[in-house]
Amino acid sequence: PEPTVEEREALFRRYDELGVKGHFASVDPARRAEAAEESEYFLLESAAAEAAPGPAVERVDNHESDLPAFGATIAEAFGFSPSTQDYFETKMRSLATRAGSRFYVVKKGAQVVGACSTFRTDGGADFLFNVATLPAFQKQGAARAVIAYAARHSARPLYTYSHNPAMRTLILPSLGFRSLGTLFCVPLRDIPSNPVNIVS
C-alpha cells in the first residue's frame, strides 16, 4: 500500500537523515507523471524461435577471474561512475556464489559488445537483468541475441523488467515475454498531500 501523508513525512525525514533519497513503489497509473522511474515487468511465456542467427553469445563462468569483461561492459553501457562500478562488481561477485546465477556476454569477433545475467530466486524462478549493449553496437541485434540465449538456458518461469521503451514494446514481446504490469518509483518528497485516487 502507498504511504499515508504522515508515513510519507516520517519516511522522508528518515531517508533525509541517512543522506539518501527515499522512494516507494506504486502500480497506480496516476503516479506516472511524478515517478522518477517507470519499469514494466515481464514473464517469459514461451521462448520464441530465433528468426535468424544473431551475434555470438557466450556464457561467462561464475569465477571472479571471468567477471571483469562482463562488469566492464555493463559499466560502460550504463555510464557507471567509478564508485558505482566498484559497488556493481562487488554485487556481481556476491551473486556469482549463488546457485543458478549465470553471466552472458555478446561478442563480435573477440570484442565483448553486450551482456546480461540471470539469478535464481528463492522461489525457484530465474530473473533476467543487466541487459546492456555498448553504444557503438546498439541496434545490431546484440540485446535480442543475449536475451534469447539466456531464455533458452534459464529455468522457467523467467522474469525480467525494463524501463527502455524499445525493450518493452519490441524486443521482449517478440521473444515471448508477456507484460505483467508497470511499477512506478515515486520520490517520497513528490507525493502530493492530497493524492487523487483514480477508480477504474
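Predicted model: local features only at pLDDT ≥ 70, side-chain atom pairs only at ≥ 80, totals over all residues.

**Disulfides.** I count a disulfide as a pair of cysteine sulfur atoms within 2.5 Å. My search of the whole structure turned up zero of them. Cys116 counts as buried because its relative accessibility is 0%, where buried means under 20%. Cys185 has a relative accessible area of 28%, so I put it down as partly exposed.

**Overall layout.** Next I listed the secondary structure: the protein chain has five helices and eight strands. Following the sequence, I read the pattern as α-β-β-β-α-α-β-β-β-α-β-α-β. The protein chain holds 200 residues, and buried ones make up 38% of them.

**The largest pocket.** I then turned to open space. The largest pocket takes in about 900 Å³. I found 32 residues lining this pocket, and the closest to its centre are Phe78, Val131, Ala132, Asn164 and Met167. Which elements give two or more residues to the lining? They are α2, α3 (82-96), β6 (126-133), α4 (142-152), β7 (158-162) and α5 (165-174). The largest share, six residues, belongs to β6. Sorted by class, the lining comes out as 19 nonpolar, ten polar and three charged residues.

Helix α2 covers residues 68-78, and Ala72 is one of its residues. I have Ala72 as partly exposed, because its relative accessibility is 37%.

**Aromatic pairs.** My ring search gave nine aromatic pairs. One of interest is Phe70 with Phe88, which is stacked at 6.3 Å centre to centre, with 20° between the planes. This pair links distant parts of the chain, since Phe70 sits in helix α2 and Phe88 in helix α3, 18 residues apart. Both Phe70 and Phe88 are buried. I also noted a cluster linked by ring pairs, made up of Tyr41, Phe119, Phe127, Phe129 and Tyr161.

**Faces of α5.** Which residues of α5 did I find buried? Met167, Arg168 and Leu172 are buried there. Looking down the axis of α5, I see its buried residues fall within an arc of 90°, so they line one face of the helix. As a reminder to myself, an α-helix has 3.6 residues a turn, so residues three or four places apart point the same way. The face of α5 turned away from the buried side carries the exposed residues Pro165, Thr169 and Leu170.

Last, I checked the backbone angles. Most residues other than glycine have a negative phi. Is Lys139 buried or exposed? With a relative accessibility of 87%, Lys139 counts as exposed.

Conventions. Residues numbered from 1 in each chain as written. Heavy atoms only, no water. Helix = DSSP H or I, 4+ residues; strand = E, 2+ residues; numbered from the N terminus. Buried < 20%, exposed > 50% of the residue type's maximum accessible area, 1.4 Å probe, protein only. 1 Å grid on protein atoms, 1.4 Å probe; cavity = no way out; pocket = protein on both sides within 12 Å on 5 of 7 lines; lining within 4 Å. Points joined across faces, edges and corners; volume = space filled by probe spheres on them. Nonpolar A, V, L, I, M, F, W, Y, C, P; charged D, E, K, R; others polar. Phe/Tyr/Trp six-rings, centres within 6.5 Å; stacked < 30°, edge-to-face > 60°. Arc of directions from axis to C-beta.
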